[in-house]
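Me: I have a model open and want a quick tour. Can you start with how far to trust it?

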Amino acid sequence: PTKLHRTAVSSIMQISYTDYGRDTSTLSMQVWGLFMAGVETEDGIHRDWILERLAELGGMHFESKWTSDLMERLIRGRKGMGEAGVDLMPLLTLECS
């Protein structure tokens, strides 16, 4: 990831972590941002935190459940192929077709 990606991930994480500390329901408005931060982050701890938050939100909205499931598949794929070996597009098109 570029410096821009790292800055965006850092900003999303800061906002999400602060909001989660105040009112967890506000994260339901940040699902796509959390997902993209989870895709872009190089930090496994941050990725795990994001996955846990998406799983918590999964009971609130269909989109949150879908996003959580997709993130879990992405993480499994990365573990099997390495960070650079996973192409997100097939996962997204499979889900949307």
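Reply: Start with pLDDT, the predictor's confidence in each residue, from 0 to 100. The mean pLDDT of the protein is 80, and 78% of its residues reach 70 or more. This is a predicted model, where local features need pLDDT of at least 70, side-chain atom pairs count only at pLDDT 80 or more, and totals for chains, interfaces and linings use all residues. Residues are numbered from 1 along each chain as its sequence is written, and side-chain values use heavy atoms, with hydrogens and water left out.

Me: Where is confidence lowest, and where is it highest?
Reply: Lowest in helix H5 (residues 88-96), with a mean of 61. Highest in helix H1 (residues 3-22), at 92.

Me: How many helices and strands?
Reply: Five helices, zero strands. Both are DSSP runs numbered from the N terminus: helices are H or I, at least four residues, and strands are E, at least two. The pattern along the sequence is α-α-α-α-α.

Me: What share of the residues is buried?
Reply: Of 97 residues, 34% count as buried. Buried is under 20% relative accessible area, exposed over 50%, partly exposed in between (1.4 Å probe, protein chains only).

Me: OK, H1 and H3. At what angle do the axes cross?
Reply: Roughly 50 degrees, and the axes come within 12 Å. H3 covers residues 44-57. Axes are lines fitted to C-alpha atoms, for helices over the stretch in contact, with angles from 0 to 180 degrees between N-to-C directions.

Me: So what do we call that pair, H1 and H3?
Reply: Oblique to each other. Under 35 degrees is roughly parallel, over 145 roughly antiparallel, 65 to 115 roughly perpendicular, and the rest oblique.

Me: Which residues meet there?
Reply: From H1, Met 13, Ser 16, Tyr 17 and Tyr 20. From H3, His 46, Trp 49, Ile 50, Arg 53 and Glu 56. Contact means heavy atoms within 4.5 Å.

Me: Is Tyr 17 buried or exposed?
Reply: Tyr 17 has 57% relative accessibility, so it counts as exposed. Its C-alpha atom is 9.8 Å from that of Arg 53, 36 residues away along the chain.

Me: New topic: Thr 67. Where is it?
Reply: In helix H4, residues 62-81. Thr 67 counts as buried because its relative accessibility is 2%.

Me: What does Thr 67 touch?
Reply: Val 31, Phe 35 and Leu 54, leaving aside neighbours within four places in sequence.
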